[in-house]
Amino acid sequence: LTFFIAIATVSAAAVVVGGGSDEQAESGVQLVATTPQVADLARRTARRMGLGPRVEEDVHSAGLLHEIGKIGFPDALLRKPVSTMNAEEIARYRRHTLNGEAALLPLGQLQHVARLVRSQHERIDGKGFPDGLSGNAVGLASQALSVASDYCAAQSGRMAEQHFSPAQALQLIRGGAGTRYEPEIVEAFELALTDEPEDKPR
């Protein structure tokens, strides 16, 4: 339990250590605010998929730490929706998965978590990054993290300039079935949304 509390603390600090201004801190807080929800939704999706307790906890930890690779990103990039980034910004943004994996790999207990952080933007149609994996090469645990992250990112305005409503975000996820995610992952995610959240705000 203490170990996972420490993970949550690290994830909360990770996105703000690179900056000192009030605006940078605010951007960091906005990113951090979604990580518990991502973590909880990813774990509930993994549970609905029957992936087992160990995978559920790995997915939950990866959800808490999935933004860690953005340490040191300038405030302007943290605030900018992905859909509005130029080529140079996209290239830097896409490195966050590799940066995150590199930060976590030295920690022996987080080897599996590090791999999930690396693969969080892979797609089953092969159009994801950083490795362009496709089909079964994109693990179900990675997809559980991806679907939860995308759902929250759509609502926070980090995916596009528009802030999606929960219903619109869910429709976006449904539209990714068969291209971004396996259809059974989308079905499990929809069921997970009906489950009681485990990480409730205090």
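Which residue's side chain meets that of arginine 118 in a salt bridge? The partner is glutamate 101, with 2.7 Å from N to O. This is a predicted model. The structure holds 16 salt bridges, and a search of the whole structure finds 2 aromatic pairs. The largest pocket has a volume of about 530 Å³.

- The salt bridge of arginine 118 and glutamate 101 has an N to O distance of 2.7 Å. Because arginine 118 lies in helix α7 (residues 111-118) and glutamate 101 in helix α6 (residues 96-104), the pair ties together parts that are 17 residues apart in sequence.
- Arginine 118 is partly exposed, at a relative accessible area of 24%.
- Glutamate 101 has a relative accessible area of 12%, which means that glutamate 101 is buried, the cut-off being under 20%.

- The side chains of aspartate 40 and arginine 43 form a salt bridge, with 3.9 Å from N to O.
- Arginine 43 and aspartate 40 are 3 residues apart in helix α2 (residues 22-48), so about one helical turn separates them.
- Arginine 43 counts as buried at 7% relative accessibility. Aspartate 40 is also buried, with a relative accessible area of 2%.

- Arginine 48 and aspartate 195 meet through their side chains in a salt bridge of 2.7 Å, N to O. Arginine 48 is in helix α2 and aspartate 195 in the segment after α10 (183-194), so this pair ties together parts that are 147 residues apart in sequence.
- Aspartate 195 is partly exposed, with 23% relative accessible area. Arginine 48 is partly exposed as well, with 39%.

**Salt-bridge network**

- Salt bridges with shared partners join Asp40, Arg43, Arg44, Arg47, Glu56, Glu57 and Glu198 into one network.
- Asp40 and Arg43, both named in this network, are the pair with the 3.9 Å salt bridge.

**Largest pocket**

- The lining of the largest pocket consists of 29 residues, and those nearest its centre are Val82, Tyr93, His121, Phe129 and Asp150.
- By class, the lining has 11 nonpolar, 8 polar and 10 charged residues.
- Helices α4 (75-79), α5 (87-94) and α8 (140-156) each contribute at least two residues to the lining.
- α8 gives the largest share of the lining, with 4 residues.

**Aromatic pairs**

- The whole structure contains 2 aromatic pairs. In one of them, the ring centres of tyrosine 93 and phenylalanine 129 are 6.2 Å apart and the planes stand at 65°, so the pair is edge-to-face.
- Tyrosine 93 lies in helix α5 and phenylalanine 129 in the loop between α7 and α8, so the pair ties together parts that are 36 residues apart in sequence.
- Tyrosine 93 counts as buried at 10% relative accessibility, and phenylalanine 129 counts as buried at 11%.
- The rings of tyrosine 151 and phenylalanine 189 have centres 5.1 Å apart and planes at 70°, so this pair is edge-to-face.
- Because tyrosine 151 lies in helix α8 and phenylalanine 189 in helix α10, the pair ties together parts that are 38 residues apart in sequence.
- Tyrosine 151 is buried, at 8% relative accessible area, and phenylalanine 189 counts as buried at 0% relative accessibility.

- Aspartate 75 is part of helix α4 and counts as buried at 13% relative accessibility.
- The side chain of aspartate 75 is in polar contact with the side chain of arginine 79, at 3.0 Å.
- Glycine 69 sits in the loop between α3 (53-65) and α4. Glycine 69 is buried, with a relative accessible area of 3%.
- Between the C-alpha atoms of glycine 69 and tyrosine 93 the separation is 9.2 Å, with the two residues 24 apart along the chain.

Note on methods
Residues are numbered from 1 along each chain as its sequence is written. This is a predicted model: local features need pLDDT of at least 70, side-chain atom pairs count only at pLDDT 80 or more; totals for chains, interfaces and linings use all residues. Side-chain values use heavy atoms; hydrogens and water are left out. A salt bridge is a side-chain nitrogen of Lys or Arg within 4 Å of a carboxyl oxygen of Asp or Glu. Buried means under 20% relative accessible area, exposed over 50%, partly exposed in between (1.4 Å probe, protein chains only). On a 1 Å grid over the protein atoms alone, a cavity is a set of points where a 1.4 Å probe fits but cannot get out, and a pocket is an open set with protein on both sides within 12 Å along at least five of seven lines; lining residues have an atom within 4 Å of a point. Grid points are joined across faces, edges and corners, and a volume is the space filled by probe spheres set on the points. Ala, Val, Leu, Ile, Met, Phe, Trp, Tyr, Cys and Pro count as nonpolar, Asp, Glu, Lys and Arg as charged, and the others, Gly among them, as polar. A polar contact is a pair of N or O atoms within 3.5 Å; within protein, one must be able to donate a hydrogen and the other to accept it, and residues adjacent in sequence count only if both atoms are side-chain atoms. Rings of Phe, Tyr and Trp (its six-membered ring) pair if their centres lie within 6.5 Å; planes under 30 degrees apart count as stacked, over 60 as edge-to-face and the rest as tilted.
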